[in-house]
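Subject: Structure for you to look at

Hello,

Here is the structure I promised you. Please open it beside this email and follow along.

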Protein chains: 2
Amino acid sequence: MKKLINTVDNALTDSLRGFGAAHSDIVSVNWEPKFVQRAGGTRKGKVALISGGGSGHEPLHAGFVGKGMLDAACPGEVFTSSTPDQMLAAAEAVGADAGVLFIVKNYSGDVMNFEMAAEMYDGAQDTVLTNDDVAVEDSLYTQGRRGVAGTVIVEKIVGAVAEAGADLATCKALGDRVNAATGTMGVALTSCTVPAAGKPTFELGEDEMEMGVGIHGEPGRRRVKLAEADALAAEMIEAICKEGGPDTGDPVILLVNGMGGTPLMELYLMYDAARKLCEDRGLTIARSLVGDYCTSLDMAGCSITLTRADDEMLGLWDAPVHTAALRWDV
Amino acid sequence: MKKLINTVDNALTDSLRGFGAAHSDIVSVNWEPKFVQRAGGTRKGKVALISGGGSGHEPLHAGFVGKGMLDAACPGEVFTSSTPDQMLAAAEAVGADAGVLFIVKNYSGDVMNFEMAAEMYDGAQDTVLTNDDVAVEDSLYTQGRRGVAGTVIVEKIVGAVAEAGADLATCKALGDRVNAATGTMGVALTSCTVPAAGKPTFELGEDEMEMGVGIHGEPGRRRVKLAEADALAAEMIEAICKEGGPDTGDPVILLVNGMGGTPLMELYLMYDAARKLCEDRGLTIARSLVGDYCTSLDMAGCSITLTRADDEMLGLWDAPVHTAALRWDV
């Protein structure tokens, strides 16, 4: 295993310390228990958005803490849910009278731990569960569909409405609506390697790809032979647009997300393939995002996400955001 | 070879088309010959900054075209210099009475081609040659030191002064000054694979790293056995701080740059290692940047760059920038 780390045991702490130091203008790190919050704190009267989950998906979620997006993020060990005490401490630090909205990717461990934290939290709270991965129903760590890169879109749009002063019920309803309007499908060219395991999570032949892969290397729909970008994108877009997905005339947000080990040159190429396919279907690409936003350690591959976005969502997408990983001011 | 492409021959064109479409608010792409320029054009009376070189280092350089940074970028084929006709066409498109400043990484092919373009260009022009790589003197494609990730810092700072209305001589002098104040050292954990070659550029054992690697996979200083992040960072910082590098009391810009296949979690960990070493030397980390800015296709590894920055440079670093890959507004 080749990784830029000191020891497996300290990798998360060392990385988080670097993250906090590099972005001390945006975030501060709490260490016991671990969570990341806005450097300036959360203003009174604002609904506090908290996410979290296993590490190894950077910049998700800590990279999205800041004005216009999350108020706090709770990083677990690599590919391991954060714990209820982290979530509770984060809620107590950033939550107040307006309440807390937990944004949780649908994995059994995360769901259970966030539920425990919500029960323990002595204040108004609600949860948005993201499950945008259209690849498979039920998976290695999930009942139902998995929450993957579409979570970034949920966090951005709900982050904007919370920043604008929306109440908890509005944030929760919008989050559910964005999640329901969002579909993602991924493909892996290589496995990832979890530091504590020291070897690739799964085996993939030199001429194979995993279509529909999960962000922890969970099995997808099928092994495919090496294929051209256009063909891969076609299968992914087809899967997303099936069954209630975006259709002719719909404006969409198109996210092409790198899994961590994919050159940007290839991501833009995949974006181009996805864009053409969307246009062929009569979709209007209203907004685009290309880059590494929800990764799987060193996995090579990418995911495509489409959100069928109404005017409200697009307006909130455009609202200013100032985080380590996503930044646009007005 | 596993890559998200359609054909080797079309990879650059397909990717560039995606880049142009994803960022049509920032850039426009000219196809015959290929260059990227600002969507809004370059304003009259402003010195035009043009860079370019082989592709495979994305987001360098096209990702830095936009307000506050470059006016145009000329992408060559992968790891192959762009051609004089591209550079000349870009200069004719964006250059005007205030003149053109070419920013060129020091590789023999790039230097020769930019020199030819400069000779053919019928207007005021000058060139800043970047050679920040402290690893080796002379290399596979270079006489003298190589230009690597420090080029991003040169482009940002000179971009800001040009945007503020500085004349050609001022831009040129500042560019040379930033370059001279900048040192970079890289380390590779894996080789990269050039699409046209179809196999890794160099062989690296399972327990080996290449210390001082170039951004095309050129040999560095030595093969090292797998080492801890702290030890790698120490060798890199030592190399940069030797011989006229930053010293006690100096404010520095610290860039930890991913080579394309490196998880963000590891980059922040390397940032933390570099930060501690800088502080131990009495350097003041005035600004930080962590991410993939000057890559080598799918290479795993990173580089560390330090720029000894005076107040003018820091002010220009902070000035607004609005490009695909670097964006901060005020």
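Copies are superposed by least squares on the C-alpha atoms of residues with pLDDT of at least 70 in both. The model is predicted, so local features need pLDDT of at least 70 and side-chain atom pairs count only at pLDDT 80 or more, while totals for chains, interfaces and linings use all residues. Residues are numbered from 1 along each chain as its sequence is written, chains are lettered from A and ligands numbered from 1 in the order in which they are written, and side-chain values use heavy atoms, with hydrogens and water left out.

**The two copies**

Chain A is superposed on chain B by a rotation of 180°, with 0.0 Å of shift along its axis and an RMSD of 0.0 Å. The two copies are thus related as by a two-fold rotation axis. Which C-alpha of chain A is nearest the axis? It is that of Gly261(A), 2.0 Å from the axis. Both copies use the same surface: 100% of the contact residues of chain A recur in chain B. Contact means heavy atoms within 4.5 Å.

**The cores**

A nonpolar core is a set of buried Ala, Val, Leu, Ile, Met, Phe, Trp, Tyr and Cys residues joined through side-chain atoms within 4.5 Å. Buried means under 20% relative accessible area, exposed over 50%, and partly exposed in between (1.4 Å probe, protein chains only). In soluble globular proteins, nonpolar side chains tend to be buried together.

The largest nonpolar core here has 102 residues. Ile157(A), Met236(B), Met270(B), Ile304(B) and Leu306(B) have the most contacts inside it. Helix α7 of chain B (residues 264-280) gives the most to this core, with nine residues. Helices (H or I, at least four residues) and strands (E, at least two) are DSSP runs, numbered from the N terminus. A second, separate core has 101 residues, including Ala11(B) and Val65(B).

**The cavities**

On a 1 Å grid over the protein atoms alone, a cavity is a set of points where a 1.4 Å probe fits but cannot get out; lining residues have an atom within 4 Å of a point. Grid points are joined across faces, edges and corners, and a volume is the space filled by probe spheres set on the points.

How many cavities of 30 Å³ or more does the whole structure have? The search finds four. Ala, Val, Leu, Ile, Met, Phe, Trp, Tyr, Cys and Pro count as nonpolar, Asp, Glu, Lys and Arg as charged, and the others, Gly among them, as polar.

The second largest cavity has a volume of about 60 Å³. Its lining has seven nonpolar, no polar and two charged residues. Helix α7(B) gives the most to this lining, with three residues.

Val148(A) sits in the loop between β7 (125-130) and α4 (150-163) of chain A. Is Val148(A) buried or exposed? Val148(A) is buried, because its relative accessible area is 3%.

Best wishes

Methods. 1 Å grid on protein atoms, 1.4 Å probe; cavity = no way out; pocket = protein on both sides within 12 Å on 5 of 7 lines; lining within 4 Å.
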